[in-house]
Amino acid sequence: MTTNPALASWVEEVAALTLPARIHWCDGSDLENEQLTAEMLADGTLLRLNEETHPNCFLHRSNPNDVARVEHLTLVCTTDQQDAGSNNHWMSPAEGHQKMDALYAGCMSGRTMYIIPYLMGPYGSPYARAGVEITDSPYVVANMRIMARIGSRALAHIDAGNSFIKGLHSIGDLNPERRFIMHFPEELMIKSFGSGYGGNALLGKKCHALRIASWQARTEGWLAEHMLILGIQNPAGEVTYVAAAFPSACGKTNLAMLVPPEAYAGWKVWTVGDDIAWLHPGEDGQLWAINPEAGFFGVAPGTSMKTNPNCMQTLGRNTIYTNVGLTPDGQPWWEGIDGDKPEGLLDWQGRPHDSSNGPVAHPNARFTVTAAQCPSYSSEANAPSGVPISAIIFGGRRSTVAPLVLESLDWAHGVFTGAAVASETTAAAVGQVGQVRRDPMAMKPFCGYNFGDYWAHWLSFSERCAELPKIFHVNWFRKDADGRYMWPGYGDNMRVLKWITERCSGVADAVTTPVGLMPNRADIDLTGLALTEQTLDALLAIDTEVWSKEVDDIHTFFEGFGDRLPEGLKEQVGRLREAVRNRA
Ligand code: SAT
Ligand code: MN
């Protein structure tokens, strides 16, 4: 129960609409979690995994039609359609509410309505924000318990009179025809119906911490971004903090937990977050970042001791796995995991594996695990003021065009570089995989307002911070003429991170190119890596013909934002076009 009148009346209203059989206020305790888990084991929502190899771990198989975010069914409802922008699907708030409330009518009858008070951000942080998710899914409660700080302490924060985001969620009948994720930023409200999948249902994550928070951040002078946060420690023990934005399923979790190659003795990476960063101008003129989340909701396929040893050590206890395969002795299994493929696997739908039915694990199979279990979890991850950011990295998955790394010339050029990010689509969202699309700042699916206004807000930071981070762009995914990745990636990305930190401290060299500052061949330390000079040259190559098409493409994309496109970005298009032409 609550002493906050706004929360009490909203709960009453929702109960009157959804007609639940029972109402449960989540306190976040172990006892509560045990009871919920027992119920989910009893009704088959969860399967217990091998207790010896995977203590307190569970498998959830979702409805096969409900395995990823649904961008075409995700809407931003603002009074003026222009405020949502052409980057969002839009509906008027009145119509949105009407549509959703019709779906919610009586939808919880016979079910329990769970009320989850939660906090995004460390306890005691001035930047932490509260929310309350009302849901009829115990799986959502169990996942929110790992991903956010839920229960009594969050409720106390709300009861103390602090504002909170209202998020209403029902799995409904999981009918894709009756599935919508709607955002009402002007009312700080989220309504989600018909999906139990992570980004559609764990409302603290993308819906609150990105879509609604980005809207709030704009009005309040900060940034809510789709970024991992990591600390890079050099052999002298100095730590440089970096925030990096990549689209979903492009390796944010792997980069956040990177283990440097052997030749990099004395270097170490600390994990602060793997998906979302809230960035605030500090009194010292630097940009400070907190991770609003408390757990990782990462992609399982491809995760192994080779690609991400820290992650493998994080998993394996107290973990919820969703849509992975199952070995005969009750262990989770996915494509790319260590070891040989065992006989007798069940696939993610619980069927005996048959490759004509597709992969064992769904390509977007996920794990949910608390960040505290991560061996590289930073001691600063819960610091109330966050960590000071020296560099921002943007990146996409591009087999051509974008070089391994470049540094922007200044803040405005960096904002342009972020705004122009393009990436091949992945299984994290429903739709065709491998299509190149513009994904500015990796926020295409998550920016809660017009991209034109968003870029103007980004540009405005040159007046908000005296000591802005340097901005970089990386591409780990460039391919050769035979379609093979040219860069080894994973731990070897450290080689690029080292150059980045050394650019920040002023010790590394760079050359000016039409697209930005780039390392000389000798500036990337390849010790211990069998990579030919020709390959490195190819990774750093700028093809002016390709880039002149790229500029046209960026220009066309920007034009779609009409008069909301800031002058500052138009100037950048002109500058790049000129620079590429002069080089050609
Ligand atoms: O949207 S989720 O949070 O489920 C995962 C992602 O796409 O980044
Ligand atoms: Mn993400």
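Between domain 1 and domain 2 there are 25 residue pairs in polar contact, counting pairs with both residues at pLDDT 80 or more; a polar contact is a pair of N or O atoms within 3.5 Å, where within protein one must be able to donate a hydrogen and the other to accept it, and residues adjacent in sequence count only if both atoms are side-chain atoms. On the side of domain 1 that touches domain 2, α8 gives the most, with eleven residues, and the elements that give two or more residues to that side are listed here.

| Element | Residues |
|---|---|
| α3 | 81-84 |
| β6 | 112-120 |
| α5 | 138-147 |
| α8 | 204-220 |

Helices (H or I, at least four residues) and strands (E, at least two) are DSSP runs, numbered from the N terminus.

This is a predicted model, in which local features need pLDDT of at least 70 and side-chain atom pairs count only at pLDDT 80 or more, while totals for chains, interfaces and linings use all residues. Residues are numbered from 1 along each chain as its sequence is written, and side-chain values use heavy atoms, with hydrogens and water left out.

The domain assignment gives domain 1 as 5-45 + 64-221 and domain 2 as 225-294 + 379-583, and their centres, taken over C-alpha atoms, are separated by 31 Å. In contact (heavy atoms within 4.5 Å) are 42 residues of domain 1 and 39 residues of domain 2.

Six salt bridges are found across the interface of domain 1 and domain 2, a salt bridge being a side-chain nitrogen of Lys or Arg within 4 Å of a carboxyl oxygen of Asp or Glu. Arg564 and Asp83 form a salt bridge through their side chains, at 3.2 Å from N to O.

How values were computed
Chains are lettered from A and ligands numbered from 1 in the order in which they are written. Domain bounds come from an automatic or database domain assignment.
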